[in-house]
Amino acid sequence: MPLSSTITTSARPGLRRPSGWIPSASAYACTKCGIASRLRCSSSARQTAAGWSSTATTTTTAPLPPVAFAPLTALGVDAAGAALLGRPPLAIKLDNAVEALPHAGLERADVVFEIKVEGISRLMAVFHSTDAASVGPVRSARLSDPPILAMFGRPLFGWSGANDTVTADVTASSWIRNVDWVSLPGAYRRRGPHRAPHNLYTTTSELFARSSADQPAPSPIFEFLGAGQAQPGAAPAAGVNLRVGDTPSTWVWSGSGWLRWEYGRRHTTEDAGQVVAANVVILETTYAGEPKVPTAGTVGSGHAAVF
């Protein structure tokens, strides 16, 4: 039976359609403003007071136009942000067990995939236009990962290890630059509040530092609607319930974004509150190798829903 999978994007609201190849795996693309605080971080006009009396006048300064647009989010960035756009994307596998919550750094990712593993789901957070001081808990790779990563060109890939079969497959995938815990133990550290294996963390700066000149910036994987545009044929929806493997989740429209629950509770991060995305894409796919090595089908066609 097909299994639901999700892609959520908290970039420019309004996804027209996927552009290019999209894997049949669960993913929520938390783009630059992926989590609550960043989704609401678009600054409005700044106010400054002039004069010396209590009847001071107030002037409004319009925000500066963006210098560039991030390819994975379609969000405008300033000069400092534009300096980051020439680097390759960085994907990091994250634990999604109840014992691993809350996540760290998830709100800073441009795209997040949710993929079934043995029973529950696991996340793949893709960073490009922003950095995160702490990301985790980091967990192991799966056979589903290399085909999904192929859409990002030659990405960096952070993971905690895997069995011999998966390790051989990931390391043999020439489009992946591995920056995993086994290869770079100094770039990872264990910390609270969880116990092993739910307590391994890294930083994007340490992993991005391992990129090389032969790794290009990613191409856009979605086409976004412009401001004020609507998707023809779209119908209002209050929310959607999903299950990726044994992980239940719910997305609820808040009026400004899609708030996420999982395991019957709010899905939160350490620093940014509840997870929220501007767009959610639900794909249906089958998994081979059940139940020991579930591997997402990434070639073919099927049903998809865009929220």
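User: Why is Asp131 counted as partly exposed?

Analyst: Asp131 has 27% relative accessibility, and since buried means under 20% relative accessible area and exposed over 50%, with partly exposed in between (1.4 Å probe, protein chains only), the value puts this residue in the middle class. This is a predicted model, in which local features need pLDDT of at least 70 and side-chain atom pairs count only at pLDDT 80 or more, while totals for chains, interfaces and linings use all residues. Residues are numbered from 1 along each chain as its sequence is written, and side-chain values use heavy atoms, with hydrogens and water left out.

User: What makes the contact of Arg87 and Asp131 a salt bridge?

Analyst: The term requires a side-chain nitrogen of Lys or Arg within 4 Å of a carboxyl oxygen of Asp or Glu, and for Arg87 and Asp131 the N to O distance is 3.2 Å, so the pair qualifies. Arg87 lies in the loop between α2 (79-82) and β7 (90-94) and Asp131 in the loop between β9 (121-127) and α3 (145-149), so the bridge ties together parts that are 44 residues apart in sequence; helices (H or I, at least four residues) and strands (E, at least two) are DSSP runs, numbered from the N terminus.

User: Why is Arg87 called buried?

Analyst: Its relative accessible area is 14%, which falls under the limit for that class, so Arg87 is buried.

User: How do you know that Arg177 forms a salt bridge with Asp214?

Analyst: The closest N and O atoms of Arg177 and Asp214 are 3.3 Å apart, so the distance meets the rule.
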